[in-house]
Amino acid sequence: MKRHYFLGLAAGRKIGAARQLFAIGRKKHLVELEKTLSKHYDGTAILCKNGRSGLAIALESYFKKGDGIIINAFTCYAVVEAIETAGCVPIYADISKEDLNFNVATLKKVNKKGAKGIIIQNTLGNPVDIVEIEKFAKNNGLLIIEDLAHCAGVRYPDRREVGTVGVATALSFGKDKSIDTTSGGAVIIRNTESSNRETPSVRLSSPKFCDSARARWYPTLAAWCRGLARLHLCGALMRLFVKIHFVEKSADNKLDISKRCTKWQAKLALEQIKDLRRTGEGKIRDFYLVNDRDKCLKELKKAGFHFDGFWYERPISPERYYKKVHFPEKECPMATEVAAQIINVPRYYPRTKLKKAYKIIKSYLVEEKK
Ligand SMILES: *Cc1c(COP(=O)(O)O)cnc(C)c1O
């Protein structure tokens, strides 16, 4: 664990911290990324400031104010923010404990509310039963938007790649996502006929210099903090960086549909997309359901594993936004229960280093997982 982050070079991550600090991007990288995404997902790609901005552009392209959009009841506040920005209304469909996704049974329950669209997120990289859900969407006049933040490159059970089914596909390049350049994202508008956007290829403006610098430095600062974990300075140092706005918590990354990602982010995203193609490894986390999570996390921490940045501690995370969304806990009992029990482990940790962590987690498991 400790050597793993030596000198800020996070070996085992798809991209090293130093690589991100010094990457030089050019306009040609923006153009190439746009072209690559347009071709791969068969539509018109727009590079964005982050994933939620991409989702908001997708929603504004197909829906009117007041339209209901069905989403996974176990998700990130970013998704709700995108829906609200587009003037639409989130409708939460409960999940199954097996894959953390909604299914046709839970979709049927909420569809009485007259939804117009559905966002498929393939939680943590676990694909939904797309054939059934696509049928359901068609029969009920729902347009599908695919959110690839957790699952770029993953395949559905029928072997189609995620992001090739719906009318629009949103990608996030945020921290710990399938493609990670700390922030950034894209959206691909696939069905321009039913879209009410006149010119999908709007040229968005470049991000502010301080936002770009902050994103560049994040992996290095995080690695330094981890290096100091033994001195118990890690949390304090990170809190200080957040306070002086040197580090931004990913949930606080502002939605802005007028900005795009940076040139260096486009360059690194391109590299990672090529990598994803080669390995097919887009799933981001493995999850476990445990009793007494706080105690389990404490024990893990003592052993050197900091998993408390897990997804998600609330049905709509993070905690500080949860009260704002008025989440219907009674209608989504599974999402509520899972949020109290889940621990998840990023896939970039080397398996061998995790042996000790698994041993601890195993002693807390709610039930033996297959
Ligand atoms: C993180 C995330 C997004 C997008 O996040 P950004 O920070 O805006 O890039 C979208 N959907 C899900 C499910 C996410 O976890």
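Which residue's side chain meets that of glutamate 81 in a salt bridge? I looked this up first, taking a salt bridge to be a side-chain nitrogen of Lys or Arg within 4 Å of a carboxyl oxygen of Asp or Glu. The partner is arginine 52, at 3.0 Å, N to O.

I noted that the model is predicted, that local features need pLDDT of at least 70 and side-chain atom pairs count only at pLDDT 80 or more, while totals for chains, interfaces and linings use all residues. Residues are numbered from 1 along each chain as its sequence is written, and side-chain values use heavy atoms, with hydrogens and water left out.

**Glutamate 81 and arginine 52.** I placed glutamate 81 in helix 4 (residues 77-85) and arginine 52 in helix 3 (residues 51-62), so the pair ties together parts 29 residues apart in sequence. Helices are DSSP runs of H or I, at least four residues, numbered from the N terminus. Both residues are buried, that is, under 20% relative accessible area, where exposed is over 50% and partly exposed lies in between (1.4 Å probe, protein chains only).

**Arginine 19 and glutamate 271.** I found a salt bridge of 2.6 Å, N to O, between these side chains. It links helix 1 (residues 17-22) to helix 9 (residues 263-279), across 252 residues. Arginine 19 is partly exposed at 35% relative accessibility, and glutamate 271 is partly exposed at 34%.

**Aspartate 252 and arginine 320.** Their closest N and O atoms are 3.2 Å apart in a salt bridge. Aspartate 252 lies in the loop between helix 8 (234-243) and helix 9, and arginine 320 in helix 11 (residues 319-322), 68 residues apart.

**Overall.** I recorded 13 salt bridges in the structure. Glu134, Asp158 and Arg160 are linked in a salt-bridge network.

Technical notes
Helices (H or I, at least four residues) and strands (E, at least two) are DSSP runs, numbered from the N terminus.
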